[in-house]
Amino acid sequence: MILAIETSCDDTCAAVVHPDGEVRSNVIASQGLLHERYGGVVPELAARRHLELVDAVTADALERAGIGLDDVRTVAATRGPGLIGALLVGLSSAKALAAARGLPLVPVDHLHGHVVASTLRPDPIEPPYLCLVASGGHTFVARVDDPSSYERLGSTVDDAAGEAFDKGARILGLGYPGGPEIDRLARAGDPRAFAFPRAAPGELDFSFSGLKTSLLYRVRELGEEETARRRADLAASYQRAIVDALMARVESALDRERVERLAIGGGVAANSELRSAVERLGMRVWTPPLALCTDNAAMIAAAARFTEPLPYPEYLGLDAMARAA
Ligand code: KG4
Ligand code: ZN
């Protein structure tokens, strides 16, 4: 069994996954409420909360899987990218668990986790496939020929799609995280009510910072009362602009790479409009359950299956990495 721990941002996560890709448990302790009143994740608070939660979350993952630590053969942990203090808590905890039993440790790239989450059972995707990863920290399209690695075809040049949702929600006076709030509100609005820009920084690259600014100007023009009255239309139009931008790159990439299998991942993959849009592509699309889209440890275990483990005690000096390698 693989025991995986993920603490790169504001969710404390642990999971138990069988090497064949069956998820035995996937526990996520969200810190959302802790950070809500600051309108974003406070790194120092996140790290401290991970420290309080990580043992209990790990014990819970083992219990739900019906196993004990003695049944674990491999420990995996997110090495980066992410908030350095937050990462260090999960990585150190994984090192301690592994070292105490002389087990190997697999340091995992968080983004590799998002890219291969769809290789988990019960319906694993087969390479070659393309994957759109859109989260609060990252937005890119990758090609996977072998699940041990991925090739980035295009990325955001500024904000991530989830960041665009979160910042847009803040401008509209909605709560944090903003994605689910905009998603919900947009259902009652007209996506054609307002024209927002679709930036095109490159064939397969994304840019969302101009969109956010455009929303800000629109809200200023409308004034407080009118903004409140038209909030659903604003949310729907803003969401449409983000989804259009994502879909345009996905369609170009599928076309260019001549690949007919697509997976989506990252928190924004929970977006209902994006999900409907990918389903309309008319090809086989893997839209994982929500618990595998937002940050979770099962996807870290998924990636660990395709990553070289470090034997005890080689990993003891291993450092976390805030940025992608
Ligand atoms: O993958 P994730 O949990 O964490 C990161 O690695 O960033 O993604 C969180 C992001 C947040 O920006 C959140 O607003 C967004 O995913 N999100 C959504 C939805 N649910 C979560 N965005 C749009 N629509 C949603 N339904
Ligand atoms: Zn993530």
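Predicted model: local features only at pLDDT ≥ 70, side-chain atom pairs only at ≥ 80, totals over all residues.
I started with the largest pocket, and its lining takes at least three residues from each of domain 1 (2-116 + 294-317) and domain 2 (125-287).

**Domains.** I found domain 1, which is written as 2-116 + 294-317, and domain 2, which is 125-287. Then I checked how far apart they sit: their centres, taken over C-alpha atoms, are separated by 27 Å. How many residues of domain 1 are in contact with domain 2? I got 15 residues of domain 1, in contact with 17 residues of domain 2.

**Pocket.** Back to the largest pocket. I noted about 1,400 Å³ of space in it. Its lining is made of 47 residues. Which of them lie nearest the centre? I wrote down C9, S135, G136, G137 and D166. Next I sorted the lining by kind of residue and got 17 nonpolar, 19 polar and 11 charged.

I also wanted to know which elements do the lining. Those giving two or more residues are β3 (23-30), β7 (139-144), β8 (151-155), α5 and α6 (178-186). The largest share is from α5, with six residues.

**Helix α5.** That made me look at α5 again, this time next to another helix. Helix α5 covers residues 161-171 and helix α8 covers residues 231-257. I found that their axes come within 11 Å and cross at roughly 175°. Are the two parallel or antiparallel? An angle over 145 degrees counts as roughly antiparallel, so α5 is roughly antiparallel to α8.

I listed who touches whom. On the α5 side the contact is made by A161, A164, F165 and G168. On the α8 side I have Y238, Q239, I242 and L246. By kind, the residues of this contact come out as six nonpolar and two polar, with no charged ones.

Last, I went through the backbone. I came across a cis peptide bond from P127 to P128, with omega near 0°. I placed P128 in the loop between α4 (110-116) and β6 (129-134). Another cis peptide bond joins Y312 and P313, and omega there is about 0°. P313 turned up in the segment after α11 (298-304).

I also stopped at R258. What is its phi? I read a value near 50°, which is positive in a residue other than glycine. Where does R258 sit? I found R258 in the loop between α8 and β9 (261-265).

Definitions and conventions
Residues numbered from 1 in each chain as written. Chains lettered and ligands numbered in written order. Heavy atoms only, no water. Axes fitted to C-alpha atoms, helices over the stretch in contact; angles between N-to-C directions. Helix = DSSP H or I, 4+ residues; strand = E, 2+ residues; numbered from the N terminus. Parallel < 35°, antiparallel > 145°, perpendicular 65-115°, else oblique. Contact = heavy atoms within 4.5 Å. Nonpolar A, V, L, I, M, F, W, Y, C, P; charged D, E, K, R; others polar. 1 Å grid on protein atoms, 1.4 Å probe; cavity = no way out; pocket = protein on both sides within 12 Å on 5 of 7 lines; lining within 4 Å. Points joined across faces, edges and corners; volume = space filled by probe spheres on them. Domains from an automatic or database assignment.
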